[in-house]
Amino acid sequence: MYNTSFNDTASFRSEETASIVIAPTSVEADFPATVPNQHFNKHIVFVDAALSDIDHLAAGIEATRVVVLKDTQSGIEQISEVLGQYASTSLESVHIFSHGDRGQLQLGDMQLNASNLADYADELTRWGDVIAPQGDILLYGCNVGAQDV
């Protein structure tokens, strides 16, 4: 089952950086560890291994690359490794589907939240480097945008 609620969506943008949009969702899931796709596009979807029904989650997003984040290593590192394969400002959007809670996002074997966000500042900045100036990083997770971080 996939139920999306954008009522509490938070969006951040500066003139010099791509935006980050936090869109809380409800997701129940169980799925395979990898989704092979050799085709690359300007939109990438990352799905945390704790979720299922990847095809349904990514439906409506014109991405030809879907990456399943392994639950045995840091999702930040996995995303950074994939995004490191792209040239500066070459992507229009990065979509991240994961479990979450108020102010936190589950990524692989770790949670990203206010208490450790600064620890990943360099990696997150590099993510922004590969996204076009008007591009987006979109986060989908239950209650992720439910409070200020």
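I note at the outset that pLDDT is the predictor's confidence in each residue, on a scale from 0 to 100. I looked up the chain average and found a pLDDT of 74, with 70% of the residues scoring at least 70.

The entry is a predicted model, in which local features need pLDDT of at least 70 and side-chain atom pairs count only at pLDDT 80 or more, whereas totals for chains, interfaces and linings use all residues. Residues are numbered from 1 along each chain as its sequence is written, and side-chain values use heavy atoms, with hydrogens and water left out.

**Confidence.** I find the lowest confidence in strand E1 (residues 2–4), with a mean of 32, and the highest in helix H2 (residues 75–83), at 96; helices (H or I, at least four residues) and strands (E, at least two) are DSSP runs, numbered from the N terminus. Over residues 1–40 pLDDT stays under 50, and there the model has 103 contacts beyond four places in sequence, a contact being heavy atoms within 4.5 Å. Where pLDDT is low, the predicted coordinates should not be read in detail.

**Strand E11.** I checked residues 131–140 and found seven of the ten buried, so strand E11 is largely enclosed by the rest of the structure; buried means under 20% relative accessible area (1.4 Å probe, protein chains only). Strand E7 (residues 91–97) runs parallel to E11 and is joined to it by six bridges, and isoleucine 96 has leucine 139 as its bridge partner in E11.

**Sheet E8-E9-E10.** I then traced an open, antiparallel sheet of three strands in the order E8-E9-E10, where strands pair if DSSP finds at least two bridges between them. Its edge strands, E8 (100–101) and E10 (110–113), each pair on one side only. Two bridges join E8 to strand E9 (residues 104–107), and glycine 100 stands opposite leucine 105 in E9.

Note on methods:
Buried < 20%, exposed > 50% of the residue type's maximum accessible area, 1.4 Å probe, protein only.
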